[in-house]
Amino acid sequence: MIQIVRDWRTLALALVLPVVLLVLLSAGLSLRVDHLPIVVEDFSASPASQDFVDAFRASISLHVVPWPVDRRPEDALTSGAARAVLIIPEHFGRDIARGVETSVQLLVDASDANSARLTAGYAGQITRAYNRQRAPAVQRSALVQTAIRLWYNPGLSSKKFYGPGIFVLGLSMFPPLLAALAMARESEQKTILQIYVSSVSAHEFLLGKIAAFTAVALAECLVMLTVLFTYFGLRLAGDPTPFIVATILYAFCVASFGTMVGATIPSQVAAMQAVALGGFLLVFLLSGLIFPIENIPAGLRWISNFIWGRYYIEIVRDALLQGGGWPAVWLKVLIIGLIGAIFYGIAWRGMRRMQLEA
Amino acid sequence: MPRLASGRRLQALIAKEFSQIRRDRRLVISLILPPVLQLTLFGFALSATVSNLRLGVVDESRTPESRELVATLTESRSFRLGGSYATSTELGNAISQGTLDAGVVIPYRYARDLQRGRPTTVQFLLNAMNANTATIGQAYAEGVMQSYNSTLPRRQTDAGPDGNVAPGPSRQGQVRLVPAFLYNPGLVDSWFIATGVFGLLLILNSSLIASAAMVKEREAGTIEQLLMSPASTAEIIVAKITPLLVLLSLMMLLAIAVLKVVFRVPFHGSLPFVLSGGVLCILSGISLGTVIATLSKSAQQAQLTAFFINPPLSSLSGALNPIEAMPGWLQPLTALNPIHHFAVIVRDAMLKGSGVATLWPNFLALFAFTLVLGGLSIWRFRKQLS
C-alpha cells in the first residue's frame, strides 16, 4: 500500500486520467447527431413549397444552410458543407394545388451510414408531420396514431448512455494497468525474491496486492461516479445493492486481472501492452460499450461472452438507467465474481511458477 | 570531398537503423499485425446498424386487425417479434430486464375503433438508453405505421359495410419523400469506421513505433556513442526517420489493401492524393512519437505518456463518430487534430471522389502539423543531445 502512495504520478494516472477520459470519450463516441446541415433547392418557388421548406427550417434536428444557386447541389455534399440536399421539383406547387401526390428528392451523403440513416429519418418525420397537417379532416381521423414513449432516457441524451460505459472502460483499464506494472516491477527489480525468502505465503502476498489495487479501483470508482452524478446528471434508478456488490466484485476482478498479467509476464513494457489489449481493446470493442453486441458478426460475437467488462456495463446501465434490480442482473454479478476468481487462480499459479524458477 | 563523405555517412546511418529494426522482431510484428487486426476488428465490430429490434407485444384487442398490425410491424427488417405479454406491466418488466428493446401496446378497443372509423392510439415503448438506436428505431416505427395507415382506408371499404370512411383518393396532395443515398447506397457502416480507423492507425502506430525506437537508443545508452560520431544531429534524425517512414508507408499500403479487399471500400478519387496525405500523416505521427520519447526516460514512461495523449487524440478526431455529435465547445478542437484532417481526406477522396479543389484546406492543415510537430521534435531532440 505504501508503495502505491509514494508513486504519486501513477496515482494521478489512476484518479485524474479516468475523469478526463470520461468527459472526452463521452463526447467523442456519441453517434446521435442533430443540427445536421441541409441544403434546399427549391425549383418550384411557390407558396406551397415555401410552406414545406419552412417545416424543415423549423425543425431542430436539421438546419437549413444557404447554398449559392449557381453551384451544383452535389458540391455541397462533396465539400462537406451539408449532409443532405432537398430538391423540390418545379411541379411541386402545381401538384399540391391539384391535390395530386408529388415527390421530392432527398440526396443524402451516405459516406457515414449511421448519420445518413438519421438524416433520412428526420426528413421523413418532418414530411409526415407536414402531410398530417395538410390531410383532410376525415382522413386524419381514421389514422392509427402512434404514441411513442422513450423510456429511461427521454431526452435522448447520448451522454447518459456512454457515461456508464466509459466509467466501466476506465475501471477496466487503469487499476489493472497499475497492478500489472507493480507486479512486473517486483519481478524486474527482483524484490520479489525478498518475498519468496520471507515467511509470506503466495496467497498472502497476492491478496495483499489485490486488496491494495481493489482499493485503488474503488477510489477511482468514487471519483468517476461523482462526475457521472454531476456532469452527466445520472441518478441511481433503483435498488443500489446489486450495483454496490457488483462494483466491489468488479474492482476485485480487474485488480486480479492486472496482478495475473503482472505475475505471468515479468516485463513492465510487455505487461503494459497485454493490459492495454485486454483492458482496453477487448472491453472497448466487444462489450457493447458503443455499438450493440448484436451487430458484431457471429464469428466474433461469442468472444464477448468472456469479456468481464460486458457484464459490468450491463449492471451499471441497469443501476443508473433502467432500475431492473436483482432479478435482472443476479447472474451477471455471479459471472463477474467467477471471472475474478479465475484470474486469481491463474495469478496464483503464475506466482508459484516464478517461485520455483527463482 | 566533405559532401560525398556526409552522403555516405547518412547512408551508413540509415543502413544501421534498418538492420536495427530488422532485428527487433516485436517492431516488425507491430508493423504488420495492427493494420490487419485493428482494421478488421474495428471495422466489423463497430457497427451502428439498427435492425432486428426485439419487439414485445401486448395485444389487448386480440382481433384480426390487431394481429395484422403486429404482422406488419414484425415483417419489416427493423423489428422482430420478441414475445407476447398479457399486461403492459409484464412488458415493462421485460424491457427493464433487457430482454426486449421495444414494446407495442394495442388497446382493447383497437379493432372496434377502426371499424367505426374512429381515431385510435397505439402505444410504442422504446428503450432509449442508447439514444442513437432509439432515434433510428423511432423513425422506423413511424415509417412502418405510416405505410400501415395508408393501406387502411382502402381495405376497410373493401371489407366492411361501414360508410363512415370516405373512399376517395387516399393520398390527396401528399408529399412523398424519396431519399437517395449517395456515395454509399447500401448504407455500409464499415466504410465509415474502417476509413476512420485507418487514420487512427497511421498516427497512433507511427507515434508508438517512433517513440519506441527513439527511447531504445537512450535506454541502451548508445545515444552517447552516436553523439561522439562525426554525424550531425540533423543526420542522426534523418537517418532515424527515413527507415521508419519507409516501413510505415508499407504498412499504409497494407492497410489500403485491407480496406479494398476486406471491406470493399470503393476508390473514386486519386490514389497518389491519398498516399501523399498518408505520408504527411505518418510524418506527423513520427514527430509526435519523437516528442513523447524526448519527454520520457524509459520505454515504460513513454508508454504511460502515450496513455495521456492517445485517448483525447483519437476520441476528438471524428474518426469513429460524426463531429456534429460532440458538444459545441469541443468541436473546434478537432481542427487541431491531424487524424481528423486525414480521415476527411481519405473518406472524401475514396468515397466521394473529391480532389484537391475541395480538400486543400485539410491537406494544408496536415502539412502544417507535420512542420510544427517535426520542428518541435527536432528542437527537443537537439536540446536533449546537447
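Predicted model: local features only at pLDDT ≥ 70, side-chain atom pairs only at ≥ 80, totals over all residues.
Biologist: In which sense do strand β4 of chain A and strand β5 of chain B pair, parallel or antiparallel, and over how many bridges?

Modeller: Two strands pair if DSSP finds at least two bridges between them. For β4 of chain A and β5 of chain B the sense is parallel, and the number of bridges is eight.

Biologist: What is the area buried between chain A and chain B?

Modeller: The size of an interface is often given as the accessible area lost when the parts come together. Here 106 residues of chain A are in contact with 95 residues of chain B. Carbon and sulfur atoms give 63% of the buried area, which is about 9100 Å².

Biologist: How far apart are the closest N and O atoms of R128(A) and E142(B)?

Modeller: There are two salt bridges between chain A and chain B. The cut-off is 4 Å. R128(A) and E142(B) form a salt bridge, with their closest N and O atoms at 3.6 Å.

Biologist: Which helix of chain A gives the most to the side that touches chain B?

Modeller: That side of chain A has 65 nonpolar, 28 polar and 13 charged residues. The top contributor, with 17 residues, spans 113-134 and is helix α7.

Biologist: Why is the pair of W308(A) and F343(A) edge-to-face?

Modeller: Over all chains there are 14 aromatic pairs. Planes over 60 degrees apart count as edge-to-face. The ring centres of W308(A) and F343(A) are 5.1 Å apart and the planes stand at 90°, so the pair is edge-to-face.

Biologist: How many residues apart in sequence are the parts that W308(A) and F343(A) tie together?

Modeller: W308(A) lies in helix α15 of chain A, residues 308-322. F343(A) lies in helix α16 of chain A, residues 326-357. The pair therefore ties together parts separated in sequence by 35 residues.

Conventions
Residues numbered from 1 in each chain as written. Chains lettered and ligands numbered in written order. Heavy atoms only, no water. Contact = heavy atoms within 4.5 Å. Buried area = accessible area lost by both parts, 1.4 Å probe. Salt bridge = Lys/Arg side-chain N within 4 Å of Asp/Glu carboxyl O. Helix = DSSP H or I, 4+ residues; strand = E, 2+ residues; numbered from the N terminus. Nonpolar A, V, L, I, M, F, W, Y, C, P; charged D, E, K, R; others polar. Phe/Tyr/Trp six-rings, centres within 6.5 Å; stacked < 30°, edge-to-face > 60°.
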